[in-house]
Amino acid sequence: MKLRFVLIVMLPLLVLFASCQKDDCEAPPVGENIVGTWQVDSQSGTVVFQADGTLLDPNDLLIDGEVNGMVLDEKTWMLVPGDYLLLRAENGSTSLESEFYIARNDCNRISLEVFFVAVDLKRK
């Protein structure tokens, strides 16, 4: 009888404490958070933002370019004041840039906007 009473009292308490865990994480500043591998929208390829400012985007998901037959394949990223992400593709002295507004910075998702088009990055 006592065991039944203890179980009846303890079970709701265990459920209550288990549900009180904090599942949300607080995202670090976007400059730290963005470093890593990300899936772009629902596409199959990924991009890698490296801590040294290099962008690995082999499938040209975020930025690409070609000028007079020269592929702009050296890619970099940097943060710009006002919540913007600047991507740059270059080859030698030829380059092009694209600026994305950082609309949202969550632990495992970053939402970008460019020309009213949303681009979602999901951490891999």
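What percentage of the 124 residues of the chain count as buried? The share that counts as buried is 27%, where buried means under 20% relative accessible area, exposed means over 50%, and partly exposed lies in between (1.4 Å probe, protein chains only). The structure is a predicted model, in which local features need pLDDT of at least 70 and side-chain atom pairs count only at pLDDT 80 or more, while totals for chains, interfaces and linings use all residues. Residues are numbered from 1 along each chain as its sequence is written, and side-chain values use heavy atoms, with hydrogens and water left out.

**Overall layout**

The chain holds two helices and ten strands, where helices (H or I, at least four residues) and strands (E, at least two) are DSSP runs numbered from the N terminus. Read from the N terminus, the elements follow the order α-α-β-β-β-β-β-β-β-β-β-β. The chain exposes about 8500 Å², of which carbon and sulfur atoms supply 56%; these areas come from the Shrake-Rupley method with a 1.4 Å probe, and for residues only the protein chains shown count as cover. Among contacts (heavy atoms within 4.5 Å) between residues at least 6 apart in sequence, 33% join residues at least 24 apart.

Eight strands form an open sheet in the order 3-2-1-10-9-8-7-6, with antiparallel pairing; two strands count as paired if DSSP finds at least two bridges between them. Strand 3 and strand 6 stand at the edges with a single partner strand each, so one side of each is left without a neighbour in the sheet.

Strand 6 (residues 74-80) and strand 7 (residues 84-91) run antiparallel and are joined by seven bridges, with Thr76 standing opposite Arg88 of strand 7. These two strands form a hairpin with three residues between them, and Gly82 in the turn has a positive phi of about 100°. Strand 7 is in turn joined by eight bridges to strand 8 (residues 94-105), again antiparallel, and here Leu85 stands opposite Phe100 in strand 8. The hairpin of strand 7 and strand 8 has two residues between the strands, and Gly92 takes a positive phi near 65° in it. Strand 8 and strand 9 also run antiparallel, joined by four bridges, and Tyr101 stands opposite Glu113 in strand 9.

**The nonpolar core**

Which residues have the most contacts inside the largest nonpolar core? They are Phe49, Leu62, Leu85, Leu87, Ile110, Leu112 and Leu121, in a core of 21 residues; a nonpolar core is a set of buried Ala, Val, Leu, Ile, Met, Phe, Trp, Tyr and Cys residues joined through side-chain atoms within 4.5 Å. The elements that give two or more residues to this core are strand 1 (36-40), strand 2 (46-49), strand 7, strand 8, strand 9 (109-114) and strand 10 (117-123). Leaving aside neighbours within four places in sequence, Leu112 is in contact with Leu85, Phe100, Tyr101, Ile102, Ala103, Val117, Ala118, Val119 and Leu121. In soluble globular proteins, nonpolar side chains tend to be buried together.

**Salt bridges and the disulfide**

The count of salt bridges comes to five, a salt bridge being a side-chain nitrogen of Lys or Arg within 4 Å of a carboxyl oxygen of Asp or Glu.

| Pair | N to O distance |
|---|---|
| Lys75 and Asp57 | 3.9 Å |
| Glu97 and Arg88 | 2.6 Å |
| Asp106 and Arg104 | 2.5 Å |

Salt bridges that share partners join Asp57, Asp60 and Lys75 into one network. Both Lys75 and Asp57 are buried. In the salt bridge of Lys75 with Asp57, Lys75 lies in strand 6 and Asp57 in the loop between strand 3 (55-56) and strand 4 (66-67), so the pair ties together parts that are 18 residues apart in sequence. Glu97 is partly exposed at a relative accessible area of 46%, and Arg88 is partly exposed at 27%. Asp106 counts as partly exposed at 26% relative accessibility, as does Arg104 at 48%.

There is one disulfide, defined as a pair of cysteine sulfur atoms within 2.5 Å, and it joins Cys25 to Cys107 with an S to S distance of 1.5 Å. Cys25 lies in the loop between helix 1 (2-19) and helix 2 (30-33), and Cys107 in the loop between strand 8 and strand 9, so the pair ties together parts that are 82 residues apart in sequence. Cys25 is partly exposed, with a relative accessible area of 49%, whereas Cys107 counts as buried at 13% relative accessibility.
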